[in-house]
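Reader: I would like to learn how to read the packing and the helices of a model such as this one. Could we go through the features one at a time?

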Amino acid sequence: MSGVVFAGEAVGRAVPLVAGALGASGIAVAALPSRLAMRAELRKRWRTWAIAAPVFLGTLFLGAGGAFALAAALGVTAVSEYVRMAGLPRAEYAVLLVAAVVLPALAWLVPAAVDGRAVDLRVVALLLLVAALPALLAGDDERGFTRSARTVFALLWIPLPLTGLVVLGDTAVAVGLAVALGDVGAWCGGMALGQRGALARPLSPLSPSKTWAGVLGAAGATGLALGAVGAFTPVLWAAVLIGCVLGDLLESMVKREAGVKDAGSWLPGFGGLLDRIDSLLLALLLAMVVTA
């Protein structure tokens, strides 16, 4: 990789698609009968999408600096939610907050810190050391390993994938759009095909509502989204689809152990930020792997 790719062209292709999707879905949500139980929830979600989509596309249109700002803001917020769920002490919280800003900054300002869109092994080694340092210095022989393991997991799950917003350029726009529409496709597929039969079987006990019908819906929606912005390749499509399917299950696993329903409560219709970007995180990580 020679440097960060400007994402303006991809944003230009994505804007009509996003505007059309928001307009059509807004009309559909507004037309829902008042007796429908999910009406209020769907309206909340649409309003959140109507704000989030322009912010996502607008910051990426600004180039690498905008992508860094978006990655850092998402990382700091998501890390804060994770720390509350994982019960990590302040020292680990500080490590994760610094990483949420420094890793995207490295990807932006020091392109040599990334090797073909994969973080240099020297950076990974430093992440492992820094993650264990607070527990080592505290001499925590009761929870030290758990603290360190949960911190390493967070580093690999949140700040590292978000560097993809900076280094992937046009592809980051395509991945973000495909993940968003993939989530909608999964919901539609589950509603239309997941009521009975083999497709109604859940993927995992971690999230019984996630069915094979939803996978089919996500597969169709992600493929169409990538094709619409001229980014479709079988390998990238597979990476995004896996992110859509497994990203949500990954967060469900974290939340179940933490004993919480949502990562937060401030994002209307979704809960917390992690509840919204769980699939995006894994999709960005896999996209960096397959496009290296």
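This is a predicted model: local features need pLDDT of at least 70, side-chain atom pairs count only at pLDDT 80 or more; totals for chains, interfaces and linings use all residues.

Reader: What does Y82 touch, if residues up to four places away in sequence are not counted?

Author: With those neighbours set aside, Y82 touches L88, L96, R150, F153, A154, W157, I158, V254 and L274.

Reader: How should I read the length and the bend of helix α11?

Author: One compares the span of a helix with the value expected from its number of residues. Helix α11, residues 234–258, has 25 residues and reaches 36 Å from its first C-alpha to its last, which is close to the 36 Å expected at 1.5 Å a residue. Even so, α11 bends by about 30 degrees at L246, and just after this helix G259 takes a positive phi of about 75 degrees.

Reader: Is E251 buried or exposed?

Author: The cut-off for buried is under 20% relative accessible area. E251, which lies in helix α11, has a relative accessible area of 1% and is therefore buried. Leaving out residues up to four places away in sequence, E251 touches W157, A263, L274, D275 and D278.

Technical notes. Residues are numbered from 1 along each chain as its sequence is written. Side-chain values use heavy atoms; hydrogens and water are left out. Helices (H or I, at least four residues) and strands (E, at least two) are DSSP runs, numbered from the N terminus. The bend at a residue is the angle between axes fitted to the seven residues ending there and the seven starting there. Contact means heavy atoms within 4.5 Å. Buried means under 20% relative accessible area, exposed over 50%, partly exposed in between (1.4 Å probe, protein chains only).
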